[in-house]
Amino acid sequence: MTDVLTPVLTDDWDADRPWTLASYESRGGYAALDRALGMTQDQIVDVVKDSGLRGRGGAGFPTGMKWSFIPAKDADNPKPHYLVVNADESEPGTCKDIPLMMATPHTLVEGVIISSYAIRANHAFIYVRGEVLHVIRRLQQAVREAYDAGHLGKDIHGSGYDLELVVHAGAGAYICGEETALLDSLEGRRGQPRLRPPFPAVAGLYASPTVINNVESIASVPSIIRNGPDWFAALGTEKSKGFVIYSLSGHVNRPGQYEAPLGITLRQLIDLAGGMRAGHDLKFWTPGGSSTPLLTAEHLDVPLDYEAVGGAGSMLGTRALQIFDDTTCVVRAVLRWTEFYKHESCGKCTPCREGTWWLVQVLERLERGEGTEEDLDLLLDQCDNILGRSFCALGDGATSPITSSIQYFRDEFLAHLSGGGCPFDPAASTAFAAEGARA
Amino acid sequence: MQRDKLAPETYDELREIAARYPQKRSGLLPMLHLVQSVQGRITPEGIEACAEILEISAAEVSGVATFYTMYKRRAVGDYHVGVCTNTLCAVMGGDAIFAALKEHLGVDNDETTDASGDEKAITLEHVECNAACDYAPVVMVNWEFMDNQTPESARQLVDDLRAGREVRSTRGPAICSWREAERVLAGFPDGRADEGPAAGPASLVGLEIARENNWTAPSPGGERPLEQAPVDGGAR
């Protein structure tokens, strides 16, 4: 019987100075790299495939399969290969990669080296959002230490394998978490998504074969190499293997990071987190960030894996569980997310650029109590004109909170109209509400 | 406003950034961070310097500089204070904190206080989700975390900053200046990586519960699918 929580990635976060190379190596760090360098590249890809690891950045695409799309290097395909780690953690509610890189950056660096070797890349990048200064310091230092110890650079561990790793700070743009926008940004351009095909595995960074993986995906690789694919695949559910970090935020007593096998339920997680805050009930939640449709208390027992959350009409996403109780106005929450999408739309595709602007106009009117019931249908119609009509999923994500909130909370929208505005007191939802603090 | 000239050493460092990459244009984002660390904002002179080194047009550099929110066309104060007002933080109190700071500092969004004498200038801005939702509501100072804020704590925070008193990030070191922070983002470490904790309390709650209950990841099972290198267990 597997334990309820299974710390692997988070297991060292309470160790003494776990961000240092000395600490990481004292707990077996970089031994997986030795083992990997004794394997062929294809063997590593097979191990990751057999483990069932799926991308932890939201989409859940099988990691080993993604790696296998990289074409073999030969006379027809002479271009260099690249590994790019997506450390642009920006999806509202998502807060797992930042603490991982802060506490144990070497876990990521070791994963980068093994993964780069597997895809025959000699150059890798960690694209980290710029707004997390101390995380960037820890990454820079970890990479420096790894070079000095011979884990990076020329002839790593005497294997003949060379790898250069650059920590690259972004400059504030949610869209750069989208993998092709990230590539444009890393090429020194505005971060705007590319049309696919060609996919990055064929023409990614500098039009060369490129793998882009999330931090948590890459950080999971050393433990898979160390303990074997069967160990990993024994955790989780049938099609959602392994352990993941679930991030609880909002109106629970103990928000934070909970590492568990895929398939735990929100009811279990809220129990672990000491319940909802006293005197209040769960109202709505996001399973994987604001781009995943809202769920409600009726979904408390949905196993949090890719299939079951999909079956409940949402998406597992990044396991960013933003939890709101009955003091929260869903219209206010959704309007704020919509303003975010409007602000972050890169402007390339008309349905997203114009559509998110119009969504804000209509939602603002509704929140002020000045709209009409037909505005709800108008919103749904606008969403229909945005969904699936742009290069990337930003516009799609913008429609998620709107369509799901109208589905579950139509009456609350109407209450704004009949009551001439928002019926909620925003002070009641704050973390310091008990102190009676007000804006 | 007095503008610092770009010194030859800055040009050298800009070239050094570009040289980190297989194709030099990839250096543009960190190069613009360096321009801000030297000049306090993105200047026409800084744009020209980047364009010259990368052999692209100033318009192309401008196009990039105006796309990203961390690049500022107007001078930023000694400290950039960012209040998260994305939904989760807003609901948990970020809206109240932002309103309190606007009133307390007498500035609106994306404006800078008038600093007199020894007082430090503060630029106030509301920011989007900064990946610290388990510490909501969150305020960032020069992109360092100030977790679990209230209107009162945020007012005290900016008063301390204005007075030049030392302020420590709740999950990081003593706060440096905005220009110093931009230099780190350009890829020039400042030697402070070892300051501050490994993790804040919220990052550790699941781990603490696992420890209390003796919950661990399973040990790797009997037969090893891969050869016999010495391994530590996945769990302690």
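Predicted model: local features only at pLDDT ≥ 70, side-chain atom pairs only at ≥ 80, totals over all residues.

Which residue in β6(A) is the bridge partner of A:Tyr246?

Guide: The bridge partner of A:Tyr246 in β6(A) is A:Tyr258.

In general terms, the strands of a sheet pair through backbone hydrogen bonds, in either a parallel or an antiparallel manner.

The two strands belong to an open sheet of 5 strands in chain A, whose order is β6-β5-β9-β7-β8 and whose pairing is mixed. The edges are held by β6 (256-261) and β8 (295-296) of chain A; each has a single partner strand, so one side of each is left without a neighbour in the sheet. A place at the edge of the sheet leaves open how β6(A) stands towards the remainder of the model. Here the count is clear: 6 of the 6 residues of β6(A) are buried, so the strand is largely enclosed by the rest of the structure.

The next step is the domain level. Chain A is divided into domain 1 (21-233), domain 2 (243-325) and domain 3 (330-427). Between domain 2 of chain A and domain 3 of chain A, the C-alpha centres lie 23 Å apart. Contact between these two domains involves 8 residues of domain 2 of chain A and 10 residues of domain 3 of chain A. On the side of domain 2 of chain A that touches domain 3 of chain A, there are 4 nonpolar and 4 polar residues, with no charged ones.

Just after α10(A), A:Gly228 takes a positive phi of about 95°. A helix pair is formed by α3 (residues 41-51) and α6 (residues 105-118) of chain A, whose axes come within 8 Å and cross at roughly 115°. In this pair, A:Gln41, A:Ile44 and A:Val45 of α3(A) meet A:Ile114, A:Tyr117 and A:Ala118 of α6(A). By class, the residues of this contact are 5 nonpolar, 1 polar and no charged.

Chain A contains 17 helices and 9 strands, and 61% of its 439 residues count as buried. A compact globule of 439 residues would have a radius of gyration near 22 Å, and chain A agrees with this, at 22 Å. Along the principal axes, the C-alpha atoms of chain A fill a box of roughly 75 × 45 × 40 Å. Of the contacts in chain A between residues at least 6 apart in sequence, 71% join residues at least 24 apart.

Finally, chain A has a partner. In the model, 92 residues of chain A are in contact with 82 residues of chain B. Helix α7 of chain A (residues 133-148) gives the largest share of the side of chain A that touches chain B, namely 7 residues. That side of chain A comprises 41 nonpolar, 31 polar and 20 charged residues. For chain B, the domain assignment gives domain 1 (8-65) and domain 2 (79-176), and the C-alpha centres of these two domains of chain B lie 29 Å apart.

Terms used:
Residues numbered from 1 in each chain as written. Chains lettered and ligands numbered in written order. Domains from an automatic or database assignment. Contact = placed C-beta atoms within 7 Å. Nonpolar A, V, L, I, M, F, W, Y, C, P; charged D, E, K, R; others polar. Pairing = 2+ DSSP bridges. Helix = DSSP H or I, 4+ residues; strand = E, 2+ residues; numbered from the N terminus. Axes fitted to C-alpha atoms, helices over the stretch in contact; angles between N-to-C directions. Rg over C-alpha atoms; globule rule 2.2 N^0.38 Å. Buried ≥ 20, exposed ≤ 12 C-beta atoms within 10 Å, placed from the backbone.
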